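Hi everyone, thanks for coming. I'd like to walk you through one structure today, so please have a look at it with me.

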Amino acid sequence: MIHVIDAGNRHLYGAELEQHFRIRHQIYVGERKWMALERADGREVDQFDNEDATYLLAIENGRVIGGTRLVPTECPHLMADVFPFLADVRGLQRGSDIVEWTRIFVVPERRGGDSKVLHTVMAGMFEHCLANHISAITVVMETWWMPRFLELGWQVRPLGLPTMIDGMNCVGTIITVSEEAYRRTLAFKGIEAPVILSRRGAKRAPGERRIPHG
Ligand code: COA
């Protein structure tokens with residue numbers, strides 16, 4: 001259900017990536033009113049949507065229903081380039097084994113307590129990180145996420161003090177990638193592992209059936 005898309009396989013996901021940029025515009029500009037992201041072409045794309053970005057998209061019958069983005073912290077990224085003051089206490093965390101997490105979303109009709117989409121995307125993020133020797137994830141987040149992450153048993157540490165940005169209470173944090181965080185995220189919603197269907201461009205053609213192992 002979760003497809004990992006990066007520079008190596010994005011040519012196989014042109015339609016889904018495009019769909020996702022338009023959904024991001026509907027959600028972040030239309031719904032959340034982050035008007036600085038508004039674009040006349042109806043695509044929400046920023047300076048970090050480049051070839052360094054990895055997207056994790058929840059795709060169901062060709063429809064994108066959720067997703068998120070990871071950017072290497074050794075490359076330009078949101079916390080370092082736009083909000084470095086959010087890491088004022090512990091300092092920016094950068095390294096080949098640290099990624100930055102941004103733009104988590106679920107389409108409105110698939111949100112809420114009965115839905116598994118958000119947790120499947122987050123489990124996909126841990127699954128991807130564990131498979132790629134990524135040990136930590138930094139994130140610029142609104143503080144209301146904190147109890148949600150702690151409820152999942154994640155190890156989340158602030159890098160600086162909570163700060164109001166455009167009317168939102170935000171904090172820079174670092175999340176430890178662990179097998180335990182992955183398992184607990186899956187268990188929270190009774191999600192079966194693995195959640196990543198295609199890691200490196202193994203997308204099946206429309207109508208092609210999945211052959212069970214072997
Ligand atoms: N402010 C404060 N709390 C929020 C919130 C917001 N903007 N969005 C969600 N929450 C919290 C609330 O506690 C909410 O419970 P409530 O509806 O009883 O208030 C709870 O999260 C569940 O959120 P919900 O939207 O029902 O479903 P979800 O957990 O499946 O999805 C999101 C959560 C954030 C993925 C989804 O709301 C979404 O896509 N939002 C738009 C994108 C976004 O804001 N992403 C985060 C910043 S990148």
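Let's start at His-3, which is buried at a relative accessible area of 11%; buried means under 20% relative accessible area, exposed means over 50%, and partly exposed is in between, with a 1.4 Å probe and protein chains only. His-3 sits in strand β1, residues 2-5; helices here are DSSP runs of H or I with at least four residues, strands are runs of E with at least two, and both are numbered from the N terminus. The side chain of His-3 makes a polar contact of 2.8 Å with the side chain of Tyr-13. A polar contact is a pair of N or O atoms within 3.5 Å; within protein, one must be able to donate a hydrogen and the other to accept it, and residues adjacent in sequence count only if both atoms are side-chain atoms.

Before we go on, a word on the source. This is a predicted model, where local features need pLDDT of at least 70 and side-chain atom pairs count only at pLDDT 80 or more, while totals for chains, interfaces and linings use all residues. Residues are numbered from 1 along each chain as its sequence is written, and side-chain values use heavy atoms, leaving out hydrogens and water.

Now to the ligand. How many residues surround the ligand? There are 14, and the closest are Arg-32, Ile-104, Val-106, Gly-112 and Arg-148; to be near, a residue needs one of its heavy atoms within 4 Å. Which elements give two or more residues to the shell around the ligand? They are α1 (14-31), β4 (98-106) and α4 (145-151), and β4 gives the most, with four residues.

Strand β4 has another point to show you. Arg-103 lies in β4 and has a positive phi of about 55° although it is not a glycine. Most residues other than glycine have a negative phi, and most peptide bonds are trans. Arg-103 is buried, at 11% relative accessible area. His-133 also has a positive phi of about 55°, in the loop between α3 and β5 (136-142), but His-133 counts as exposed at 70%. As for helix α3 itself, 13 of its 15 residues are buried, so the helix is largely enclosed by the rest of the structure.

On to the aromatic rings. Rings of Phe, Tyr and Trp (its six-membered ring) pair if their centres lie within 6.5 Å; planes under 30 degrees apart count as stacked, over 60 as edge-to-face and the rest as tilted. By this rule there are nine aromatic pairs. Phe-21 and Tyr-55 have ring centres 6.0 Å apart and planes at 85°, so they are edge-to-face. Phe-21 belongs to helix α1 and Tyr-55 to strand β2 (residues 54-60), so this pair ties together parts 34 residues apart in sequence. Phe-21 is buried at 5%, and Tyr-55 is buried at 1%. Ring pairs also link Trp-101, Phe-126, Trp-144, Trp-145, Phe-149 and Trp-154 into a cluster.

One last stop: a cis peptide bond joins Ala-193 and Pro-194, with omega about -5°. Pro-194 is in the loop between α5 (179-188) and β9 (196-198).
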